[in-house]
Amino acid sequence: GAVESFIGECDVGIDWGGQRKSQTVVTISHLTDDGVIRRLYHHAYPVKGDGEILDDLKSLRKRFNIQRIIVDECPEGDHLNTQMVNLGWNVVGMIFAKDKVRKYGEFRSLLNKGKIKSYNDSELQSQMKALMSRQGVERTKIQPPPGYGDDYVDSFLLSTYFYISDDAGFKIWDWDD
């Protein structure tokens with residue numbers, strides 16, 4: 001299952017919820033020495049119920065060795081993103097709409113190679129199975145079918161952002177092995 005503390009370096013991903021149906025989800029992941037990304041922890045807030053998130057993050061920062069907080073840069077998160085930056089935290093914004101398709105491709109590839117692991121989580125599993133890639137008029141869209149969310153998956157993906165990214169100079173993957 002999830003762990004309550006961890007001394008190794010890890011990153012946090014925050015997918016901000018909306019006003020109607022999407023939840024705010026916080027996920028913490030760690031890159032192991034042998035190149036496996038492990039999901040360590042997550043917390044989902046009820047819709048419009050993330051008022052305590054800064055206090056929760058302060059607590060998580062004491063229990064986990066958090067290096068970066070990767071957030072979805074969206075209007076819903078602007079205020080809290082700014083507050084975290086003002087606290088001196090290392091906050092990295094990802095414009096999700098722009099990067100999502102490419103990041104999901106990399107994420108799925110690593111998942112299929114057994115390089116991304118999570119503890120058992122039925123909500124994450126059902127969201128991952130439900131996600132679909134749809135070719136839109138101008139670009140491919142990855143979105144859940146009606147009645148499903150993608151907050152758990154998006155938060156997990158955000159938490160792995162620097163672990164699967166070659167452009168950050170963080171980790172270069174050899175796709176041939």
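**Charges and rings**

Tutor: The charged end of Arg-39 sits over the ring of Phe-156, 5.6 Å from its centre; the rule for this is NZ of Lys or CZ of Arg within 6 Å of the ring centre and within 35 degrees of the ring normal. This is a predicted model, in which local features need pLDDT of at least 70 and side-chain atom pairs count only at pLDDT 80 or more, while totals for chains, interfaces and linings use all residues. Residues are numbered from 1 along each chain as its sequence is written, and side-chain values use heavy atoms, with hydrogens and water left out.

Student: Which ring does the charged end of Arg-68 sit over?
Tutor: That is Phe-162, with the charged end 4.6 Å from the ring centre.

Student: What salt bridge does Asp-11 form?
Tutor: Asp-11 pairs with Arg-68, and their closest N and O atoms are 3.0 Å apart. A salt bridge here is a side-chain nitrogen of Lys or Arg within 4 Å of a carboxyl oxygen of Asp or Glu. Asp-11 lies in strand β1 and Arg-68 in strand β4, so the pair ties together parts that are 57 residues apart in sequence. Strands (E, at least two residues) and helices (H or I, at least four) are DSSP runs, numbered from the N terminus.

Student: Are Asp-11 and Arg-68 buried or exposed?
Tutor: Both are buried. Buried means under 20% relative accessible area, exposed over 50%, and partly exposed in between (1.4 Å probe, protein chains only).

Student: How many salt bridges are there?
Tutor: The count comes to five. Among them, Arg-63 bridges to Glu-4 with the closest N and O atoms 3.2 Å apart.

Student: Back to Phe-156, what does it form an aromatic pair with?
Tutor: With Phe-107, in an edge-to-face pair at 5.3 Å centre to centre and 85° between the planes. Rings of Phe, Tyr and Trp (its six-membered ring) pair if their centres lie within 6.5 Å; planes under 30 degrees apart count as stacked, over 60 as edge-to-face and the rest as tilted. Phe-107 lies in helix α3 (residues 96–112) and Phe-156 in helix α5 (residues 151–159), so the pair links parts 49 residues apart in sequence.
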